[in-house]
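Biologist: I am new to this structure. Please show me how to read it.

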Amino acid sequence: MVLSMTSDDGNHRTAIIGAGPAGLTAALELGKLGHDGVVFEAGDVVGGISRSVEFQGCRLDIGGHRFFTKVPEVEALWHEILGDDLLTRQRLSRIYYRDRFFDYPLKPFNALSGLGLIEAARVMTSFVRSQFFPIANETTFDAWVSNRFGRRLFEIFFRTYTEKVWGMPCSEISAAWAAQRIKNLNLLTAVKNAFVRNGTRDGDVVTSLIESFYYPRLGPGMMWDRCREIAASHGIETHMQSRVVRVHRDGVRVRAIDVQGADGSKRTEPCDSLISSMPIGTLVKVMDPPAPEAVQIAADSLRFRDFLIVGLIVEREHLFPDNWIYVHSPEVRVGRVQSFKNWSPEMVDDHEISFIGLEYFVNEDDDLWSMPDDELVALGASEAQIIGLFEPGEVRAGVVVRQPKAYPVYDDEYERHLEVLRDWLDGIDNLYTVGRNGQHRYNNQDHSMLAGLFAARNVAGAELDLWSINEEESFHEEVREDEAREYDVRDRKVPSRVEGSIEELLQSAFARYDEVALGGAVGITASLGLAVATAAVLLGSDSSFLPMLSLLGNYLFGFQVSWPGLAVGVFEAGLLGFAVGWATAKLINVIIRGFERDLERRLAALTTLEALDGGTVERR
Ligand SMILES: Cc1cc2nc3c(=O)[nH]c(=O)nc-3n(C[C@H](O)[C@H](O)[C@H](O)COP(=O)(O)OP(=O)(O)OC[C@H]3O[C@@H](n4cnc5c(N)ncnc54)[C@H](O)[C@@H]3O)c2cc1C
């Protein structure tokens, strides 16, 4: 294939790597702005992680993509692209544990009644015990949650799922994960929020964030198929099975890219600008001439968590009413189960069947990742049977979709590595990195789209900061809007290994007053003030203090405006000053502790939401 990608005619042409939400949004915007461009996509369908996979008349969504955004421009674009094909859906998702379903978010009465009398009694006993005898060292996630909910409830509703998702024991996860939101908090904000509550606190915002979202009639891929068509109508074509394997640069500019087709053949495509949504580390590794060694080491150091989903066509019209179910039962490895026709009835052609997706959170070196597809389908069917969804005999067919690099991991080191990559890539004038893996950002679609929009506008001459996206706001967060502002939800981190305790975190946010120091300071100031004033009167240099000092004589026992009286007064004023300073510091500390307790309480409430969706559901 010969592509007319050259600057010879004087046109500025942009190559876009990746036909996911970021790349296709950039293509659409570039086309609307009247610029030339072309998209190269390694895969054979568009949409990236947000694609729909077709299988025997059914459509599978990698994970279940809720379309929710707080960016009006992105929302308008969704409507523009899909019109009436963008449905509004209500959310229903529950927790499955030991043959029972529990409401999500957790509701105390529902949880206790669902557990049965004996288990509920054990939960209550364990809760009471945790209140009287909390675990002293609260540095781990399990200790922190157990201290707030009781060990038993932690085991049931937190432990298994968290461990399935993150692949590490809760005893090794830092408690700070639960409290990451308080990191950038300051006392002033807390005081303001304590007194100035906005009306949405318990109302509409929560409901809308949790309970309703948009969804394309034929799954998320429909959005990206349509976006590709519209971009093409503006002259920006997308070439499938075209993997970018080399980026040629000439000093501070990209000059061309090498594209490899499905048959392994390579061609070189010149370009005037490059927008890349491929993983940022991989981009650095395909640079020619190569990036400096330190940059390549940083590129190799970014980590990901991977994901696979087993789709099963089941010969039963109704399985369950939920969009998805969280599977907490420890006896199975599946983490969530989706029913795609509950997202949109048209995800399944034949209304007499169901199409479900069993989600497994994995790493590429796990046994599940390399397990043959037929064995994974059999595993999915048997686990569905174990949790009582259907019998393996009802499965008509199955498919496995593996999604490498599904989650950019925010480990302790990632920011440092990312900075090295950014610094170096910033030196290349006509290169724009966008998207989830393109920026190693925990993006939902809306953020990736915004990055694509910004990049296209920068090609057209704007100077928008691509790295400011997803910095300040909370997206798809199932938290209240004011909480989202109050807490630092900029980077929702993956759990990190145990380091500090929540107490330490809180204490770093709220400095305590040293009672003795404040007492001492006030005491010394009072003594000195009294001594100077009394001496001034006695030495005849300033008699204006006399009325005030005489008045003080009523309060300071034995104090008179005389040299012996001064000694008594200095002692008593020091003592009194110390008492006032000490009491003030004490009072302030009590108030601060009150704020901390309030925060801890609200963090505990958030944790019930976070522990499940924190990291996997992309609300995420
Ligand atoms: C389980 C799960 C659930 C999610 N749920 C939601 C949700 O509910 N709502 C939501 O909004 N978001 C959700 N997301 C996030 C959403 O999928 C991503 O934010 C979005 O797809 C990112 O778009 P992108 O264009 O940045 O990257 P990607 O989707 O990763 O697209 C990048 C594209 O680049 C291509 N590519 C890579 N390398 C090359 C190369 N060398 N040459 C050519 N092409 C290349 C890839 O094949 C891919 O098509 C979820 C993600 C996961 C994993």
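Modeller: Start with the elements: helices (H or I, at least four residues) and strands (E, at least two) are DSSP runs, numbered from the N terminus. The protein chain here comes to 20 helices and 20 strands. This is a predicted model, where local features need pLDDT of at least 70, side-chain atom pairs count only at pLDDT 80 or more, and totals for chains, interfaces and linings use all residues. Residues are numbered from 1 along each chain as its sequence is written.

Biologist: In what order do the seven strands of the open sheet stand?

Modeller: Two strands pair if DSSP finds at least two bridges between them. The order is β7-β6-β16-β17-β18-β15-β19, with mixed pairing. β7 (100-103) and β19 (395-408) have a single partner strand each, so one side of each lacks a neighbour in the sheet. Inside the sheet, β6 (residues 93-97) and β16 (residues 324-327) run parallel and share four bridges. Y96 has V327 as its bridge partner in β16.

Biologist: Which residues have the most contacts inside the largest nonpolar core?

Modeller: In soluble globular proteins, nonpolar side chains tend to be buried together. A nonpolar core is a set of buried Ala, Val, Leu, Ile, Met, Phe, Trp, Tyr and Cys residues joined through C-beta atoms within 7 Å. Buried means 20 or more other C-beta atoms within 10 Å of the residue's own, exposed means 12 or fewer, and partly exposed lies in between; C-beta atoms are placed from the backbone. The largest core has 70 residues, and L312, V327, V337, F355 and L358 have the most contacts inside it. Helix α6 gives the most to this core, with eight residues. A second, separate core has 58 residues, including I257 and M287. Of the chain's 620 residues, 46% count as buried.

Biologist: At what angle do α4 and α6 pack?

Modeller: Axes are lines fitted to C-alpha atoms, for helices over the stretch in contact, and angles run from 0 to 180 degrees between N-to-C directions. α4 (residues 117-132) and α6 (residues 151-166) pack at about 120°, with axes 6 Å apart. Residues are in contact if their C-beta atoms, placed from the backbone, lie within 7 Å. R122, V123, S126, F127 and S130 of α4 meet R151, R152 and L153 of α6.

Biologist: And the hairpin of β11 and β12: how many residues lie between the strands?

Modeller: Five, and among the hairpin's residues G264 takes a positive phi near 90°. Strands β11 (residues 253-260) and β12 (residues 266-270) run antiparallel, joined by five bridges. I257 stands opposite E269 in β12.

Conventions
Contact = placed C-beta atoms within 7 Å.
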